[in-house]
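Hi,

Here is the structure I promised to pass on.

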Amino acid sequence: MTDTTMAPGEPTAAGEPTAYARFIAGLPKAELHVHHVGSARPETVAALAARHPDAGVPQDLAALKDFFTFTDFAHFIDVYLATVALLRTPEDIHLLTREVIEGLAAQRVRYAELTMTPFTSVRMGIPIEAYTEAIEDARITAERDTGTVVRWIYDIPGEAGLESADATISYAVDHGPASLVGFGLGGPENGVPRPQFKAHFDRARAAGLHSVPHSGESTGPETIWDAIRELGAERIGHGIA
Ligand SMILES: [Zn+2]
């Protein structure tokens, strides 16, 4: 317990975590804004790359860590899409989901709401029934093994337009498991007006789902007002503008 005599945040020798950092690491946490594919660890991507060598993603962890060092937002999108391209089967979805939850558990996250984009996986050829089964099995197994409780948010990839919104509301209302608690909207905001998704959010809210769209991530306060007035937002993703 000598750690507590250190000033919070005071650096220790040899790059060890500070007492403050150790205190934070040890706290139990709730994580309310975490993206499924966006949270893939390099180790998970390496395993997926080995399953699908034709994708050209490095399988070597050191090379992958370089690949994952973002130079700018466009590079982040490239890396993100390379990971998306590795998620081809229900087994891939299961592996990613399970390892994301294990990563959260390792950070002492006790409860998380994980934002999922099922539209992307169905477009990759995974039937929604198989997708739902994979994430649910991963969730239940990970909760049993780690104690971390996870609930889902399904989000519309806004840049994919109304077709993706129609599909996503159906995945939520017609196929969603009881552990689905929220309905969201993500992607670029420029050129993707929020009010066009009002009917989808109305339907989601009528089905008892919470409204948790992203807005004000890359555009101004008008988008935040749209999320509140048109989509009934209860919690806003980012909302920094
Ligand atoms: Zn987000």
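Let me begin with the metal: the site of the zinc ion is irregular, with angles of 91 to 161° among its four donor atoms. For geometry, four donors count as tetrahedral if all angles lie between 85 and 135 degrees; four count as square planar and six as octahedral if opposite donors are over 155 degrees apart and all others between 65 and 115; anything else is irregular. As a reference, ideal angles at a metal are 109.5 degrees for four tetrahedral donors, and 90 or 180 degrees for six octahedral ones.

Before you read on, two points on how this was done. This is a predicted model, where local features need pLDDT of at least 70 and side-chain atom pairs count only at pLDDT 80 or more, while totals for chains, interfaces and linings use all residues. Residues are numbered from 1 along each chain as its sequence is written, and side-chain values use heavy atoms, with hydrogens and water left out.

**The zinc site**

Which atoms coordinate the zinc ion? They are NE2 of His-33, His-35, His-214 and His-238, at 2.0 to 2.7 Å. Donors here are N, O and S atoms within 2.8 Å of the metal (3.2 Å for Na, K and Ca), and water is not among the atoms, so sites may look incomplete. The donor spacing in sequence reads H-x1-H-x178-H-x23-H.

On accessibility, buried means under 20% relative accessible area, exposed over 50%, and partly exposed in between (1.4 Å probe, protein chains only). His-33 is partly exposed at 33%, His-35 is partly exposed at 29%, and His-238 is partly exposed at 38%. His-238 lies in strand E7 (residues 237–238), and its phi is near 75°, a positive value in a residue other than glycine. Element names are DSSP runs numbered from the N terminus: helices (H or I, at least four residues) and strands (E, at least two).

**Helix H5 and what surrounds it**

H5 (residues 90–106) has 17 residues and reaches 24 Å from its first C-alpha to its last, close to the 24 Å expected at 1.5 Å a residue. That expected span is 1.5 Å times one less than the number of residues. Is H5 mostly covered or mostly open? Mostly covered, with 12 of its 17 residues buried. Among them are Asp-92, Ile-93, Arg-98 and Glu-99.

The cover over those buried residues includes strand E1 (29–35), helix H2 (42–51), strand E2 (109–116), helix H6 (118–123), helix H7 (128–146) and strand E3 (149–157). H2 has its own buried residues, namely Pro-42, Thr-44, Val-45, Ala-46, Leu-48 and Ala-49, and these pack against helix H3 (61–67), H4 and H5.

Leu-86 is found in the loop between H4 and H5 and counts as buried at 0% relative accessibility. Leaving aside neighbours within four places in sequence, Leu-86 is in contact (heavy atoms within 4.5 Å) with Val-45, Leu-48, Ala-49, His-52, Ala-55, Val-57 and Asp-92. Arg-108 sits in the loop between H5 and E2; its phi is near 65°, a positive value in a residue other than glycine, and it is partly exposed at 36%.

**Cavity and pocket**

Both searches use a 1 Å grid over the protein atoms alone: a cavity is a set of points where a 1.4 Å probe fits but cannot get out, a pocket is an open set with protein on both sides within 12 Å along at least five of seven lines, and lining residues have an atom within 4 Å of a point. Grid points are joined across faces, edges and corners, and a volume is the space filled by probe spheres set on the points.

By this rule there is one cavity of 30 Å³ or more. The largest cavity has a volume of about 90 Å³, and its lining includes Tyr-80, Ile-93, Met-116 and Tyr-131. Helix H4 (73–84) and H6 each supply at least two residues of that lining.

The largest pocket has a volume of about 810 Å³. It is lined by 26 residues, of which Phe-76, Ile-77, Tyr-80, Glu-159 and Gly-187 lie nearest its centre. What supplies the largest share of the lining of this pocket? H4 does, with six residues.
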